[in-house]
Amino acid sequence: MIHALSTVHSTTYRQLLGDGQGCEGSATHEILDGCVCARCGTGDLTLATSWVLRWFWDLTGQWRLPVRLARCQACKARERILPFDALPGKQAGVEFVFTCVSEVRPLSSEPLVGVVRNLIKKGLRVSRQLLSKWVAGVRARGDDLFELLRHRAVLAPTDCVPTRRLVSFARTRIAARESGIVFDEVGSKDGFALVLETVRAFGDCASLALFGARVFRQSVLLFRCPHPT
Ligand SMILES: [Zn+2]
């Protein structure tokens with residue numbers, strides 16, 4: 001169970017939400033306004049006084065992010081509070097993943113090995129296997145092939161309550177269009193091209209992630225990494 005907060009980037013997270021190791025954080029419970037408990041659907045959430053440590057990869061490298069928990073006052077469920085540039089269940093953040101996948105040309109049969117070589121030259125350590133999984137996952141996300149859980153990119157069970165589900169990518173695009181974002185429509189219906197086009201329309205992936213956090217309190221760029229076949 002996860003809330004993505006539009007007011008918090010990973011680089012300002014500790015300052016706002018503390019780290020449980022002496023840094024208090026300046027945020028109050030109101031920072032959770034608009035968030036909804038995945039289990040019971042109510043919005044009566046407060047900041048808990050506990051944190052969990054997780055790895056985070058951004059464009060500067062890998063580091064540990066202390067993630068504060070929220071507690072639902074109605075059902076007592078605890079949920080992680082993530083910055084908008086994180087991807088729930090993944091160590092790599094939005095900017096790391098989408099800087100990498102944006103180097104892959106949609107509908108091209110160009111081998112990924114050259115793309116990976118260029119990324120490594122830029123200091124982005126990614127393997128061909130991982131990049132390939134990310135591209136497949138982003139494509140499936142753009143195609144809305146699977147309904148996913150919002151807290152982790154696994155398939156949503158058919159009996160899953162709506163508050164646990166990740167918003168569809170199509171709905172994200174509709175909300176974006178309604179808010180005035182203008183798309184340079186792609187000719188094909190390939191899901192990968194569609195996601196990259198949406199990122200371009202926003203200017204960059206962080207702006208799209210921020211929009212998703214603001215409108216849905218979710219990580220709209222979350223995708224499922226398929227298991228290797
Ligand atoms: Zn609840």
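## Domains and their contact

Domain bounds, as used here, come from an automatic or database domain assignment. The model is a predicted one. In the protein chain, the assignment gives domain 1, covering 2-83, and domain 2, covering 94-216. A distance of 23 Å separates the C-alpha centres of domain 1 and domain 2. Eleven residues from domain 1 and twelve residues from domain 2 take part in the contact.

On the side of domain 1 that touches domain 2, β1 and β2 each supply at least two residues. The element that gives the most to this side is β1, with three residues. By residue type, the side of domain 1 that touches domain 2 consists of eight nonpolar residues, two polar ones and one charged one.

## The chain as a whole

The protein chain contains seven helices and six strands. Followed along the sequence, these elements give the pattern β-α-β-β-β-α-α-α-β-β-α-α-α. The radius of gyration of the protein chain is 18 Å, close to the 17 Å that the globule rule gives for 229 residues, so the chain is as compact as a globular protein of that length.

Along its principal axes, the C-alpha trace of the protein chain spans about 50 × 35 × 35 Å. Among the 229 residues of the chain, 36% count as buried. Of the contacts in the protein chain with a separation of 6 or more, 62% are between residues 24 or more positions apart.

## The four-stranded sheet

Four strands form an open sheet with mixed pairing, in the order β1-β4-β3-β2. The edge strands, each of which pairs on one side only, are β1 (2-5) and β2 (45-58). On average, neighbouring strands of this sheet are turned by 30° against each other, direction ignored.

The pairing of β2 with strand β3 (residues 61-72) is antiparallel and runs over eleven bridges. Asp-58 stands opposite Gly-61, a residue in β3.

Technical notes: Residues numbered from 1 in each chain as written. Predicted model: local features only at pLDDT ≥ 70, side-chain atom pairs only at ≥ 80, totals over all residues. Pairing = 2+ DSSP bridges. Axes fitted to C-alpha atoms, helices over the stretch in contact; angles between N-to-C directions. Contact = placed C-beta atoms within 7 Å. Nonpolar A, V, L, I, M, F, W, Y, C, P; charged D, E, K, R; others polar. Rg over C-alpha atoms; globule rule 2.2 N^0.38 Å. Buried ≥ 20, exposed ≤ 12 C-beta atoms within 10 Å, placed from the backbone.
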